[in-house]
Amino acid sequence: MTTITSLTPTSLWSIFYQITQIPRPSKHEEAVVCYVESLCREHNLFYERDKVGNLIIRKPATPGMENLRGVVMQGHVDMVPQKNADSDHDFLTDPITTLIEGEWVTAKGTTLGADNGLGVAAALAVMTASDIEHGPLEVLLTIDEEAGMTGAAGLEAGYLEGDILLNMDTEDEGELYVGCAGGIDISAEITMNWQNTDNDDIAYEVRVTGLRGGHSGLDIDQGRGNANKIVNRFLLESIDKLNLKVSSFNGGTLRNAIPRESFTTIVVKKHKEVEFKQALDGFDQVIKKEYGSVEPNLSIKAVKVNLPKKTYTDESIKKVIYSVAACISSPSRMSHEFKGIVETSNNLAIVKSDNNRVLVLSLVRSLINSARDDLANSIAATFKTIGAEVSLSGEYPGWKPNPNSKILSLMKDRYEKLFGAVPKVKVIHAGLECGLLSYPYPHWDMISFGPTIRNAHSPDEKVHIASVGKFWEYLIDILKYIPSK
């Protein structure tokens, strides 16, 4: 069977394959960092970890190119752990099963980890090569990017010597990114009260599955379904009509992934069972019609389960339903400066039961820090109104474009000479690490680019094979033409 190690460039794909075999969800990066350190020892490369666990690698210039400005290639070693409901994959122990499907590489039932494994692999392929011309090189591999950017936030001045940062964590070949959104997490804890179930009650688990999900920044404007919002809409419409009770929520898994699945235990009176099923079937048809081809695999089903001993009181559950209904989970404003780009958005990522609480977690993003804070405060107010305990955390800044960037001018020129086309210059509605990295290294001239990846942060994640080849050719060409100090 053909494997990804047979693809070209061989060095890059071979390293990426090794990375896919090492479990590396956020906050569990030790094994993959140890692998990279072993690669450094094998190739006699200097390496060190900083205080928070980021890895820095250094390689001298090719003889005769010592006068070029130093370049730092940067990526993050962690990945988003998302899988289909029918997958038994364990992200803490199991390797990723990679597949070649036509022009794309994907994974079997899980995220692939091309975000940002391919950027990491490209940097390591450069550092371990002996036939690439370059000036002084460094690699910065950060930890925990997907779960809070704590690696980038903890980086201190003094570790890195370069002047130019090549962040390789964007997902459209032929596009150069010069700015990104900042973000902030909003956590609402709603205290719940309980009541006993009755002998004439029965229970169903309402399962919303099959949604496309995706990146909560890049895909937030695609009109995709949010499992939490869908099940909440059914409850909002039906809870009083059918006298429904709820005993648990379990929707969404990660703050930066649009929730694909939700599992809600609903209790209904036996004499209302037929009416409940009819209402859910009708709701299913309405939602499928609304989303149409956007969500072709959407499924809304009720599966009978054991009757729980208790449900939330009507007053408690309505606090959840009303506040979740009022909470935006979409773009709130488009950018005036960058056509077609979302300026500010929120992803209502997680709604789940936790003992005597229901937790609601959202992630606000914005290209403008003040707009980020305004939307975050508005969402916080929505939950404070019902008496929830609300906290804002994990704040990180956006990356403001530099119109005088010399690396941007160089990369535009080299792309046109290599491929006969002008690259698009963009900002991205996602949280790149560049904004945080500029704090300890304000002199860095930064740019972000990468191969074409689709459906990041979902089990449909895939990378376009041909784009990886162009990305690699472009990277090694740029290194050759870096200006002198």
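## Conventions and the position of Gly183

Helices (H or I, at least four residues) and strands (E, at least two) are DSSP runs, numbered from the N terminus. The model is predicted, so local features need pLDDT of at least 70 and side-chain atom pairs count only at pLDDT 80 or more, while totals for chains, interfaces and linings use all residues. Residues are numbered from 1 along each chain as its sequence is written, and side-chain values use heavy atoms, with hydrogens and water left out.

Gly183 is placed in strand β9 (residues 182-191). With a relative accessible area of 0%, Gly183 is buried (buried means under 20% relative accessible area, exposed over 50%, partly exposed in between, for a 1.4 Å probe and protein chains only). Contact is defined as heavy atoms within 4.5 Å. Leaving aside neighbours within four places in sequence, Gly183 is in contact with Val364, Arg365, Arg372, Gly394, Glu395 and Tyr396. The C-alpha atoms of Gly183 and Gly431 are separated by 6.8 Å, although the two residues are 248 residues apart along the chain.

## Helix α7

Helix α7 has 13 residues (residues 314-326), and at 1.5 Å a residue it should span 18 Å; the end C-alpha atoms are 18 Å apart, which agrees. The expected span of a helix is taken as 1.5 Å times one less than its number of residues. The buried residues of α7 are Ser316, Ile317, Val320, Ile321, Ser323 and Val324.

## Aromatic pairs and charges over rings

Rings of Phe, Tyr and Trp (its six-membered ring) pair if their centres lie within 6.5 Å; planes under 30 degrees apart count as stacked, over 60 as edge-to-face and the rest as tilted. A search of the whole structure finds 11 aromatic pairs. Trp13 and Phe16 form one that is edge-to-face, with 6.0 Å centre to centre and 75 degrees between the planes. Because they are 3 residues apart in helix α1 (residues 10-20), Trp13 and Phe16 are separated by about one helical turn. Trp13 counts as buried at 0% relative accessibility, and Phe16 counts as buried at 0%.

Phe449 and Tyr474 form an edge-to-face pair, 5.7 Å centre to centre with 75 degrees between the planes. This pair links distant parts of the chain, 25 residues apart: Phe449 is in the loop between β22 (445-448) and β23 (453-454), and Tyr474 is in helix α11 (residues 465-480). Both Phe449 and Tyr474 are buried. Ring pairs join Phe449 and Tyr474 with Tyr415, Phe419 and Phe471 into a cluster. Phe419 also has Lys470 over its face, at 4.7 Å from the ring centre (the criterion is NZ of Lys or CZ of Arg within 6 Å of the ring centre and within 35 degrees of the ring normal). Arg414 lies over the face of Tyr481, at 3.8 Å from the ring centre.

## Cysteines

A disulfide is a covalent bond between the sulfur atoms of two cysteines. The cut-off used is a pair of cysteine sulfur atoms within 2.5 Å, and a search of the whole structure finds 0 disulfides. The closest cysteine sulfur to that of Cys40 is in Cys34, 11 Å away and therefore too far for a bond. Cys40 counts as buried at 1% relative accessibility. Cys434 is in no disulfide either; the nearest cysteine sulfur, that of Cys180, is 6.1 Å away. Cys434 counts as buried at 0% relative accessibility.

His429 is in the loop between β21 (424-428) and α10 (434-437) and counts as buried at 4% relative accessibility. The side chain of His429 reaches the backbone oxygen of Val342 at 3.0 Å and makes a polar contact with the side chain of Ser345 (2.7 Å). A polar atom of the Ser335 side chain lies 3.2 Å from the backbone nitrogen of Glu337. Leaving aside neighbours within four places in sequence, Ser335 is in contact with Ile341, Val342, Glu343 and Leu367.

Asp219 lies in the loop between β11 (201-209) and α5 (227-238) and counts as buried at 11% relative accessibility. The side chain of Asp219 makes a polar contact with the side chain of Arg224 (3.4 Å).

Note on methods: Polar contact = N/O pair within 3.5 Å; in protein donor to acceptor, adjacent residues only side chain to side chain.
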